[in-house]
Amino acid sequence: MGQVTRRRGRRSRALLAVVAAAVLGVAGCDAGGGDSPAAKRPRPSPTPVWDTGPESVAAVGDSITRGFDACAVLTDCPEVSWATGSSEEVDSLAVRLLGRARAAERSWNYAVTGARMADLPGQMERAVRRGPELVAVMAGANDACRETTSAMTPVAEFRADFEKAMRSLRTALPRTQVYVASVPDLKRLWSQGRTSALGKQVWKLGICPSMLGDADALDAAATLRRETVRHRVEDYNEVLEEVCAKDRRCRFDGGAVYAYRFGTDELSQWDWFHPSVDGQAELAEIAYRTVTAKRP
């Protein structure tokens, strides 16, 4: 009887081992994918943080976004705006994203000629009432274009105003995306525009005196003045980049507008400082490329 009992015990343990192996094998298939129903069940794809095809666009900023001096002297021309214009020559950001017909209904321009960063929070408040899926921002040139370099907007104030505008947007529209253009290189525009006698006459009417005043002066004081303006613009662009980087639904152009080398064909034929229709088209291309890129 003892030997029979021991044989039965060994067979029982062997049977248990086989069953355990089978159970573990099945569990292993489930865990590793295999052919189990759980493994074949599709997983929902995560919602992307950035949508490359927003359905509506609002623009805020200054004279560049209003198309100032692109069509006539000292006059806004919003139809050629890089952001929301309807001109076929420009193919604005809104037209490229929405198509021409829908852009006419689903894009809005709240930029104001002469506006500075301090004006951006108010513009943003007006823009958010439309509930846009994308807000395009280009502001800062007028903060540097002052009567004197000492009158330029301090960098800390510039930062505070931009942050306030972003908070205003986020409070109302937490999922709206933001495209931020860098401030153009004003010294580059001076160096191009000073070749035009007409442009320099228009400059005397008060266009960006901190950079364009005494346009032909090349003495040490004039050189220092222009370099001071240029450095302030670079500081502003650093602020735009840093503040935008803190918002996961904000894209800065990486300094593309600042780096763009506007030629004489891309500057207004009246003031040789603001973008012409061709210049507006280049700004639209930079914006569209940034907004539709798979990665910022």
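User: How many Å² does the accessible surface of the protein chain come to, and what share belongs to carbon and sulfur atoms?

Analyst: This is a predicted model: local features need pLDDT of at least 70, side-chain atom pairs count only at pLDDT 80 or more, and totals for chains, interfaces and linings use all residues. Residues are numbered from 1 along each chain as its sequence is written, and side-chain values use heavy atoms, with hydrogens and water left out. Areas come from the Shrake-Rupley method with a 1.4 Å probe; for residues, only the protein chains shown count as cover. The accessible surface is about 15,000 Å², and the carbon and sulfur share is 53%.

User: Is Gln177 buried or exposed?

Analyst: Gln177 lies in strand E4 (residues 177-180); helices (H or I, at least four residues) and strands (E, at least two) are DSSP runs, numbered from the N terminus. Buried means under 20% relative accessible area, exposed over 50%, partly exposed in between (1.4 Å probe, protein chains only). Gln177 has 4% relative accessibility, so the residue counts as buried.

User: Which residues does Gln177 touch, not counting those up to four places away in sequence?

Analyst: Contact means heavy atoms within 4.5 Å. By that rule, the partners of Gln177 are Val49, Trp50, Asp51, Glu133, Leu134, Val135 and Arg249.

User: How are H8 and H11 oriented to each other?

Analyst: The axes of helix H8 (residues 186-193) and helix H11 (residues 220-245) come within 8 Å and cross at roughly 135 degrees. Axes are lines fitted to C-alpha atoms, for helices over the stretch in contact, and angles run from 0 to 180 degrees between N-to-C directions. Angles under 35 degrees count as roughly parallel, over 145 as roughly antiparallel, 65 to 115 as roughly perpendicular and the rest as oblique. H8 and H11 are therefore oblique.

User: Which residue forms a salt bridge with Glu55?

Analyst: A salt bridge is a side-chain nitrogen of Lys or Arg within 4 Å of a carboxyl oxygen of Asp or Glu. For Glu55, the closest N and O atoms are 2.2 Å apart, and the partner is Arg102.

User: How many residues apart in sequence are the parts that Glu55 and Arg102 tie together?

Analyst: The Glu55 to Arg102 salt bridge has its closest N and O atoms 2.2 Å apart. Glu55 is in the loop between helix H2 (37-40) and E1, and Arg102 is in helix H4 (residues 100-106), so the parts tied together are 47 residues apart.
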